[in-house]
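Me: I would like to learn how to read a structure, feature by feature. Can we go through one together?
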Amino acid sequence: MVPGGTPSFGLLSIGFVGADYGGSLVPTRTAPVVLRKIDLDGNKVHMVVASLGGDVLFNGTLSGKGDFMCGLVTYHGGETFPMIAHKRPSTYQSPPQSQRTE
C-alpha cells in the first residue's frame with residue numbers, strides 16, 4: 001500500500017483456524033493487527049482487519065496461480081488505497097479439508 005504517498009510494507013499471514021481462515025498483518029511501521037474475517041469466493045477475497053480506529057476492509061482478487069492478491073483497502077474514515085500482496089515461499093502445508101474442525 002502507499003497511504004499518504006509513503007509505501008507501507010508488512011507481513012500478511014493467512015492460514016486455517018479450525019475450518020475457517022484466520023491470520024494477522026504485521027506492518028513494518030505499526031503494531032500487528034488481527035484478521036477478524038477472511039472470505040474467499042472463487043478468486044474474490046474479502047478481509048476484515050481489526051484496528052484501534054475500527055475495522056479496515058480489503059476487497060480484492062486472487063491471481064489464477066494464487067501467488068498475488070490485488071485490491072483496495074478501505075479505512076474506517078472512508079479513505080481507500082490500492083494494495084498488492086505477494087506470496088512468499090513457505091513450508092506451511094494446510095491440513096486436508098477433512099481434518100479441519102469447526
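**Reading rings, strands and a pocket**

Reply: Start with one residue in this predicted model. Tyr-21 is partly exposed, because its relative accessible area is 33%.

Me: Which ring pairs with Tyr-21, and how is the pair described?

Reply: A pair of aromatic rings is described by the distance of the centres and the angle of the planes. Here the count comes to two aromatic pairs. In one of them, the ring centres of Phe-16 and Tyr-21 are 4.6 Å apart. Their planes meet at 25°, so the pair is stacked. The cut-off for stacked is under 30 degrees.

Me: Is Phe-16 buried or exposed?

Reply: Phe-16 has 19% relative accessibility, so it counts as buried. The cut-off for buried is under 20%.

Me: What about the rings of Tyr-75 and Phe-81: how far apart are their centres, and at what angle are their planes?

Reply: The centres of Tyr-75 and Phe-81 lie 5.7 Å apart, with the planes at 80°. That makes the pair edge-to-face, a class that needs planes over 60 degrees apart. Tyr-75 is partly exposed at 27% relative accessibility. Phe-81 is buried, with a relative accessible area of 13%.

Me: Moving along, what joins S4 to S5?

Reply: S4 and S5 run antiparallel, joined by six bridges. Lys-44 stands opposite Thr-61 in S5. Their hairpin has six residues between the strands, and Gly-54 takes a positive phi near 125°.

Me: Which residue is the bridge partner of Thr-61 in S6?

Reply: Cys-70 in S6 is that partner. Strand S5 (residues 56-62) and S6 run antiparallel, with six bridges between them. This hairpin has five residues between its strands, and Gly-66 in the turn has a positive phi of about 75°.

Me: How many bridges join S6 to S7?

Reply: Seven bridges join strand S6 (residues 68-74) to S7, again antiparallel. Phe-68 faces His-86 in S7. Met-69 stands opposite Ala-85 in S7. Five residues lie between the strands of this hairpin, where Gly-78 takes a positive phi near 100°.

Me: Last feature. How much space lies in the largest pocket, and which residues are nearest its centre?

Reply: The largest pocket holds about 1700 Å³ of space. Its lining has 50 residues. Leu-12, Ser-13, Ile-14, Met-69 and Ala-85 lie nearest the centre.

Me: Which element gives the largest share of the lining, and how do the residues divide?

Reply: S1 gives the largest share, seven residues. The lining divides into 34 nonpolar, 12 polar and four charged residues.

Notes. Residues are numbered from 1 along each chain as its sequence is written. This is a predicted model: local features need pLDDT of at least 70, side-chain atom pairs count only at pLDDT 80 or more; totals for chains, interfaces and linings use all residues. Side-chain values use heavy atoms; hydrogens and water are left out. Two strands pair if DSSP finds at least two bridges between them. Helices (H or I, at least four residues) and strands (E, at least two) are DSSP runs, numbered from the N terminus. On a 1 Å grid over the protein atoms alone, a cavity is a set of points where a 1.4 Å probe fits but cannot get out, and a pocket is an open set with protein on both sides within 12 Å along at least five of seven lines; lining residues have an atom within 4 Å of a point. Grid points are joined across faces, edges and corners, and a volume is the space filled by probe spheres set on the points. Ala, Val, Leu, Ile, Met, Phe, Trp, Tyr, Cys and Pro count as nonpolar, Asp, Glu, Lys and Arg as charged, and the others, Gly among them, as polar. Rings of Phe, Tyr and Trp (its six-membered ring) pair if their centres lie within 6.5 Å; planes under 30 degrees apart count as stacked, over 60 as edge-to-face and the rest as tilted. Buried means under 20% relative accessible area, exposed over 50%, partly exposed in between (1.4 Å probe, protein chains only).
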